[in-house]
Amino acid sequence: MTWTAAVAGATGYAGGEVLRLLAAHPDIEIGAVTANSSVGTRLGQHHPHLISLADRVVASTDAEHLSGHDVVVLALPHGVSGAVAAALEQAPGPTPILVDCGADHRLTSRAAWEQFYGTDYAGAWTYGMPELLHAGETAAAAQRGELAAARRIAVPGCNVTAVTLAAQPGIAAGLIDPGRLNAVLAVGYSGAGKALKPHLTASEALGSAQPYAVGGTHRHIPEIIQNLQVAGAAPDAVRLSFTPVLVPMSRGILATVTAPVTAAAGADADPGALLREAWQRVYGATGTGEPLIHLLPEGTWPVTGAVAGSGLATVQVAYDAAARAAVIICAIDNLGKGTASAALQSLNLALGLPETTGIITEGVAP
């Protein structure tokens, strides 16, 4: 069976990455490509690397052009997806499966949305992270079950994915203190989108590292907290210091998460081995557990270059004996596992397809 998919926001980085994956998907045919700011232009002007789609003409993002497809992927700026989704639900005919790569439907808390985004709350959709642990689960069967029945999918934030995948095994096992989490992320510039801003120009970016959204202001914080509560942290127990830093690379996120170990882990004769066992119980050995998460061999550290262009996440955990803390590092491609691959992985589940269909599992190096 073949499904048709439209992509709204097709000329942006996220939309382009979604199209790159869909173009090679054996069971999906690409329909309308839309973007209000680029109506009437050829897609190849915006994504010259998408050779097979270069002559597609960009249409306006509205129900007229998006209706009639089996799937609509919304790769739109935050705060825009809610209105487009509402219009599609009111349009004649069957409503397609909707996959939102923006933030509009990620948060289950209206108060958190209003605090960090300041616009009207559009409600929560099924969360598009198949590997998300649920309290009491040793594998992410619960989230996969929800996605298999989903018609509305909210793709996680890219930074959220890196921190969640790093920390959740320790939270679920009760081995790290959720009240003293610290995350510092090196983030590629494509995560800031295509909008032209002075601090995003090459003259400002090359040879420089720039922190942003410092001091608890980043919008991904409540989403990370939400995920770790699902994984087993007690309500209101998570305290997260989160600092992203733009570094001069186009793609990638390297998240370093540190947290003191709990008394249970600290009392063990070999806390490092105990931590390793917890992460391996969730993700398995490299290539044998979660298909898109690789827990690397001991002594091997995640690097962004190894996962560039792919839907993979690589993870490593170590014990800092002097600090009595766990150090967990996760590398992802922010446009791959951080956005488009996560969207496709979740959509595959909703369509009843093998989860990794169409997802690139080999990186690009150098």
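## Cavity, pockets, sheets and salt bridges

The largest cavity is lined by Val-18, Leu-21, Leu-22, Val-73, Val-99, Ala-340, Ala-343, Leu-344 and Leu-347. The model is a predicted one, in which local features need pLDDT of at least 70 and side-chain atom pairs count only at pLDDT 80 or more, while totals for chains, interfaces and linings use all residues. Residues are numbered from 1 along each chain as its sequence is written, and side-chain values use heavy atoms, with hydrogens and water left out.

A cavity here is a set of points, on a 1 Å grid over the protein atoms alone, where a 1.4 Å probe fits but cannot get out; a pocket is an open set with protein on both sides within 12 Å along at least five of seven lines, and lining residues have an atom within 4 Å of a point. Grid points are joined across faces, edges and corners, and a volume is the space filled by probe spheres set on the points. The count is 1 cavity of 30 Å³ or more, and the largest cavity has a volume of about 60 Å³. Its lining has 9 nonpolar, no polar and no charged residues. In this classification Ala, Val, Leu, Ile, Met, Phe, Trp, Tyr, Cys and Pro are nonpolar, Asp, Glu, Lys and Arg are charged, and the others, Gly among them, are polar. Helices α1 and α12 each supply at least two residues of the cavity lining, and α12 gives the most, with 4 residues.

Helices (H or I, at least four residues) and strands (E, at least two) are DSSP runs, numbered from the N terminus. Buried means under 20% relative accessible area, exposed means over 50%, and partly exposed lies in between (1.4 Å probe, protein chains only). The buried residues of α1 are Gly-15, Gly-16, Glu-17, Val-18, Leu-19, Leu-21 and Leu-22. They pack against β1 (3-8), β2 (28-34), α2 (43-46), β3 (71-74) and α12, where contact means heavy atoms within 4.5 Å.

Helix α1 also takes part in the pockets. The largest pocket holds about 1200 Å³ of space. Its lining counts 45 residues, of which Pro-77, His-78, Gly-191, Ala-192 and Gly-193 lie nearest the centre. The elements that give two or more residues to this lining are α1, α7 (158-173) and α12, and α1 gives the most, with 3 residues. The lining of the largest pocket divides into 20 nonpolar, 21 polar and 4 charged residues.

The second largest pocket has a volume of about 440 Å³. Of its 24 lining residues, Tyr-13, Tyr-189, Ser-190, Gly-193 and Ser-250 lie nearest the centre. Two or more residues of the lining come from each of α1 and α8 (202-205), and α1 again gives the most, with 3 residues. By class, this lining has 12 nonpolar, 8 polar and 4 charged residues.

Two sheets are described next. Strands pair if DSSP finds at least two bridges between them. β5 and β6 pair over 2 bridges, and Tyr-127 stands opposite Ala-154 in β6.

The other open sheet has 7 strands in the order β8-β9-β7-β10-β13-β12-β11, with mixed pairing. β8 (210-211) and β11 (293-295) are at the edges with a single partner strand each, so one side of each lacks a neighbour in the sheet. β10 and β13 are antiparallel over 8 bridges; Thr-256 has Ile-329 in β13 as its bridge partner.

A salt bridge is a side-chain nitrogen of Lys or Arg within 4 Å of a carboxyl oxygen of Asp or Glu. By this rule there are 11 salt bridges, including those in the table.

| Pair | N to O distance |
|---|---|
| Glu-89 and Arg-152 | 3.0 Å |
| Arg-110 and Glu-114 | 4.0 Å |
| Arg-251 and Asp-333 | 2.8 Å |

Arg-251, in the loop between β9 (240-246) and β10 (253-260), and Asp-333, in the loop between β13 (325-332) and α12 (336-351), are 82 residues apart. Arg-251 is partly exposed at 26% relative accessible area, whereas Asp-333 is buried at 1%. Salt bridges that share partners join Glu-17, Arg-20, Arg-251 and Asp-333 into one network.

Arg-110 and Glu-114 both lie in helix α5 (residues 110-116), 4 residues apart, about one turn of the helix.
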